[in-house]
Amino acid sequence: MDDAKTRTPKRVKVALAISLAINVLVVGAIVGAILHGGDRDRSSFDKRGGDTAAIGIYGRALEKPDRRAIGQRLRDGRAARGQEIQIRAELGEMVREASDLLKQTPFDKGAFFDVLLRQQGLIKGRSDAMQDALVEQIAAMSPEQRAEYAERLEELLERGGRRGKPDRE
């Protein structure tokens, strides 16, 4: 009988570490969603990632009430279509599928890429909805409000996209 211990291949260790990281992210997202529920405080709307990444600097240049209105429009639209829970469930299932693929030997690069493409499609749908809501909110502004918005946008551009002043009310 051989006394040498069986060593786990390095690629299996890497796959397990990636799988653990993905699982921790999913659990964190689920716990965060449960703790915050649907009535999250929107005071930091422009500082969070998520949906706002779709509009970036344009969202940061908006007045706080406009950002809140966009957030409400998005929540209302997703709730009306019953999409929020469905999208989260689909994304969670895709992460589990990706995790399973990462554990397989040999690694199926094409199948993993396909999962990422499907995830990207769901996320792009959310991004498109955010952009639509932004356009609708800006279209509802008066010419004066749009001019002020344009000035804030230019100020942000000069500061490298960072907001240096507290939120405007």
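Glu63 and Arg152 form a salt bridge, with 2.9 Å between the closest N and O atoms (salt bridge: a side-chain nitrogen of Lys or Arg within 4 Å of a carboxyl oxygen of Asp or Glu). This pair links distant parts of the chain, 89 residues apart: Glu63 lies in the loop between helix H2 (56-60) and helix H3 (64-81), and Arg152 in helix H6. Both Glu63 and Arg152 are buried (buried: under 20% relative accessible area; exposed: over 50%; partly exposed: in between; 1.4 Å probe, protein chains only). The model is predicted, with local features requiring pLDDT of at least 70 and side-chain atom pairs pLDDT 80 or more, while totals for chains, interfaces and linings use all residues. Residues are numbered from 1 along each chain as its sequence is written, and side-chain values use heavy atoms, without hydrogens and water.

The protein chain contains six helices and zero strands, assigned as DSSP runs (H or I, at least four residues; E, at least two) and numbered from the N terminus. Of its 169 residues, 29% are buried.

The salt-bridge count comes to four. Asp114 and Arg118 pair at 3.3 Å, N to O; the two residues lie four apart in helix H5 (residues 109-139), about one turn of the helix. Salt bridges with shared partners join Glu97, Asp114 and Arg118 into one network. In helix H4 (residues 83-103), Glu93 and Arg96 are three residues apart and therefore separated by about one helical turn; their side chains meet in a salt bridge at 3.5 Å, N to O. Glu93 is partly exposed at 44% relative accessibility, as is Arg96 at 41%.
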